[in-house]
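Subject: Structure handover

Hello,

Please find the structure below, with the sequence alongside. My notes on what was found follow it.

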Amino acid sequence: MATQRDDDTAPPAPVELLPGERTHFVESSGLRLRVREWGAAEAPPIVALHGLRGFSGTWRALAAALPGYRIIAIDQRGRGDSDWDPDANYYTDAYLADLEAVVAALALPRFVLLGHSMGGTTSYVYAARHPDRLHALIIEDIAPGSSASGAGAERIKAEMAALPLDFADWAEARAYWRRTRPQVSLAALEQRLAESLCENGAGRIRWRYDAAGIARTRLAPDPARVVDLWPVVEAIRTPSLVLRGAKSDFCPAQVVAEMERRNPRFRHVTIADASHYAHDDQPATFHALVQGFLCGVDAASAAPL
């Protein structure tokens, strides 16, 4: 859980990059998307997609824990150093097209796809449409219906409706994050400040994402573009793991159990003392579960028929 810093008015320390961390850009539908990579280019690839208000650097700790893999993370359109969409086209079909563009640009072989929350929705849909491209699917804390109803969906809508567009100073920004994510560690809170906010040149602190456009799409979505994940989940033919937080208000255990009943390729693990942000709340457990699942998938795929 985050605690008070000695000087809340100071800007966050620059993020410490991992050795060999590198970034480049891929174009998708006229937008430039920043792609961040860790690990050897010839290592087995894992493509990682962040959540609604996330950033590619959220997967840095996972990359440090899995040095034998090539981790490829995307700043989703409208976030980080990727372009904002002038039409506020922040829907699953647009994120899916972006993912397909990155996979094509990097000429990836079969890969593992990992998605948190919003990135999980994109991952489900990609897995259903491209079963031949995926070695395994890992979903963090989202299930059918999560974004449409329930306590978690209402919490996120309330957060987006009340989202300040900027802050007077770093102390005010820190206070916002402490209120909004009281469970995260001080290190995770400072990373959020460094990677999701910046100074605007006029003395105020602004978001490094399209806060107004993303909020508009989340609060008043086009019903025709909202994905029903149940038929998507039922269509997936890839070994799949759902990791949910025991304290999550977004991914109910009974819904995940129903997923397993409808599609035996799914299994799930509930991570103790973790919220919707399990990879932040319990990183060691999260990393161990990812690695263990992938070792099991590798062993199964290598076994003689």
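Is glutamine 291 buried, partly exposed or exposed? Its relative accessibility is 36%, so glutamine 291 counts as partly exposed. Please keep in mind that this is a predicted model. Glutamine 291 is part of helix H11, which covers residues 283–302.

Next, helix H2. This helix runs over residues 92–105, 14 residues in total. From first C-alpha to last, H2 reaches 20 Å, close to the 20 Å expected at 1.5 Å a residue. Its buried residues are Thr92, Ala94, Tyr95, Leu96, Asp98, Leu99, Ala101, Val102 and Val103. What do the buried residues of H2 pack against? Their partners are strands E1 (22–28), E2 (31–38), E3 (45–49), E4 (70–74) and E5 (111–116), together with helix H3 (118–129).

Two alanines in the loops on either side of H2 deserve a look. As background, most residues other than glycine have a negative phi. Alanine 88 is not a glycine, yet has a positive phi of about 50 degrees. This alanine sits in the loop between E4 and H2. Alanine 107 also has a positive phi of about 50 degrees without being a glycine, and its place is just after H2, in the loop between H2 and E5. Which of the two is buried, and which is exposed? Alanine 88 counts as buried because its relative accessibility is 8%, under the 20% cut-off. Alanine 107 has a relative accessibility of 63%, over the 50% cut-off, and therefore counts as exposed.

Finally, a helix pair. Helix H5 (residues 170–180) and helix H6 (residues 186–196) have axes that come within 10 Å and cross at roughly 125 degrees. H5 is therefore oblique to H6. The crossing of H5 past H6 is right-handed. On the H5 side, the residues in contact are Trp170, Ala173, Arg174, Trp177 and Arg178. On the H6 side, they are Leu189, Glu190, Arg192, Leu193 and Ser196. By class, this contact has five nonpolar residues, four charged ones and one polar one. The spacing of some of these positions can be read against a general rule: an α-helix has 3.6 residues a turn, so residues three or four places apart point the same way.

Regards

Methods: Residues numbered from 1 in each chain as written. Predicted model: local features only at pLDDT ≥ 70, side-chain atom pairs only at ≥ 80, totals over all residues. Heavy atoms only, no water. Axes fitted to C-alpha atoms, helices over the stretch in contact; angles between N-to-C directions. Helix = DSSP H or I, 4+ residues; strand = E, 2+ residues; numbered from the N terminus. Parallel < 35°, antiparallel > 145°, perpendicular 65-115°, else oblique. Left-handed = near helix turned anticlockwise from the far one by under 90°. Contact = heavy atoms within 4.5 Å. Nonpolar A, V, L, I, M, F, W, Y, C, P; charged D, E, K, R; others polar. Expected span 1.5 Å × (residues − 1). Buried < 20%, exposed > 50% of the residue type's maximum accessible area, 1.4 Å probe, protein only.
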